[in-house]
Every structure is written in C-alpha cells, then in structure tokens.
Amino acid sequence: MLADRGLDGALQALALAKPIPTTVVTRLPGRLPAPVESAAYFAVAEALANAIKHAQARHIQITVEFTPHPGTTAGLLTMRVSDDGRGGARPDGGTGFRGIARRLAAFDGTLTADSQPGGPTEIRMSLPCASS
C-alpha cells in the first residue's frame with residue numbers, strides 16, 4: 001500500500017481499518033524518500049495502535065505535514081497522533097513508545113508526548129528529510 005499510494009494513501013487506509021473513528025490530515029508536497037515514508041508510516045501505526053489499545057478514546061486524529069527549509073527541498077516531516085481519551089501516556093512507559101523512538105532515531109527523528117492524566121493525548125514525532 002505504501003509503495004503504491006504513498007504515505008497519505010497508506011495512512012488513510014490504515015485509519016479506515018480501525019475500530020475508532022480516525023481523521024487523517026496530510027500536508028505533503030509529494031512523495032518523500034521511501035525509507036522516510038516507511039519509518040513515518042510505522043511510527044504513526046504504532047502510535048495509533050497504542051491509542052486504540054490504551055486511551056479509551058472516542059476519536060483519533062492523525063496529522064502529517066512537511067515543512068521545508070527556505071530555499072531547499074530539505075525540511076521536517078511532523079506527525080501527530082491525537083486522541084480524546086483518558087491520557088497518562090508516557091514515552092518511557094512501554095515498549096511501543098521505545099520502538100517508535102528507536103525507529104525515528106535511525107533518521108535523527110524525535111518523539112514527544114503531551115498526555116496529562118484525564119486526557120487528551122498528543123504524540124508528536126518528527127523526521128528531518130527532503131521532499132522529491
């Protein structure tokens with residue numbers, strides 16, 4: 001799916017297959033390098049799975065956008081998985097987050113979470129990359 005439809009199409013298909021209503025918003029200038037798209041897809045998929053499994057959310061939103069550095073094709077791919085669930089998610093609290101962080105770190109990417117007890121939760125991930 002990812003190779004054929006790109007990151008946007010793969011994330012749309014992922015969201016449709018989940019039991020919690022999930023909105024996907026993407027702002028991408030086109031295709032990104034295949035390894036970056038793969039890392040982004042699997043990072044978002046894991047964050048989405050965590051939200052479904054643990055958050056008791058009624059709605060989830062995935063936002064993915066590429067912000068170019070002025071005058072270049074290089075920039076930052078930012079991914080957010082937000083839910084209206086119970087909160088309390090901690091990046092140091094489980095293997096899912098550690099796996100996401102390792103995947104992103106291979107590309108000098110980052111993972112942060114804003115998740116107070118009682119919710120909501122926003123998982124923010126970023127990957128430096130270039131657009132095609």
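Guide: What follows is a walk along the strands, then across the salt bridges, and at the end into the core. Please keep in mind throughout that this is a predicted model.

Let us begin with the arrangement of the strands. Five strands form an open sheet, and reading across it the order is S1-S2-S3-S5-S4, with mixed pairing. The edges are taken by strand S1 (22–27) and strand S4 (110–115), each of which pairs on one side only. On average, neighbouring strands of this sheet are turned by 15° against each other, if direction is ignored.

Now look at S3, which pairs with S2 in the antiparallel sense over nine bridges.

In general, side chains of opposite charge can pair when their charged atoms come close. Glutamate 65 forms a salt bridge with arginine 80, and the closest N and O atoms of the pair are 3.2 Å apart. Because glutamate 65 lies in strand S2 and arginine 80 in strand S3, this pair ties together parts that are 15 residues apart in sequence. Arginine 80 is partly exposed, with a relative accessible area of 21%, and its side chain also meets that of glutamate 122 in a salt bridge, at 3.8 Å from N to O. Since arginine 80 lies in strand S3 and glutamate 122 in strand S5, the pair ties together parts that are 42 residues apart in sequence.

Glutamate 122 is itself partly exposed, with a relative accessible area of 24%, and it forms a further salt bridge with arginine 124, where the closest N and O atoms are 3.0 Å apart. Arginine 124 is partly exposed as well, its relative accessible area being 30%. Through shared partners, salt bridges join Arg27, Glu65, Arg80, Glu122 and Arg124 into one network.

Finally, let us turn to the nonpolar residues. The largest nonpolar core has 36 residues, and those with the most contacts inside it are Leu11, Leu77, Met79 and Met125. At least two residues of this core come from each of helix H1 (2–16), helix H2 (34–54), strand S2 (60–68), strand S3 (74–83), helix H3 (95–105) and strand S5 (121–130), while the largest share, 10 residues, comes from H2. Leaving aside residues up to four places away in sequence, methionine 125 touches a number of residues, among them Ala43, Leu77, Met79, Ile100 and Leu111. H1, for its part, lies across S1, S2 and S3, and runs at about 175° to S1. As a general point, nonpolar side chains tend to be buried together in soluble globular proteins.

Terms used: Residues numbered from 1 in each chain as written. Predicted model: local features only at pLDDT ≥ 70, side-chain atom pairs only at ≥ 80, totals over all residues. Heavy atoms only, no water. Core = buried A, V, L, I, M, F, W, Y, C linked by side-chain atoms within 4.5 Å. Buried < 20%, exposed > 50% of the residue type's maximum accessible area, 1.4 Å probe, protein only. Helix = DSSP H or I, 4+ residues; strand = E, 2+ residues; numbered from the N terminus. Contact = heavy atoms within 4.5 Å. Pairing = 2+ DSSP bridges. Axes fitted to C-alpha atoms, helices over the stretch in contact; angles between N-to-C directions. Salt bridge = Lys/Arg side-chain N within 4 Å of Asp/Glu carboxyl O.
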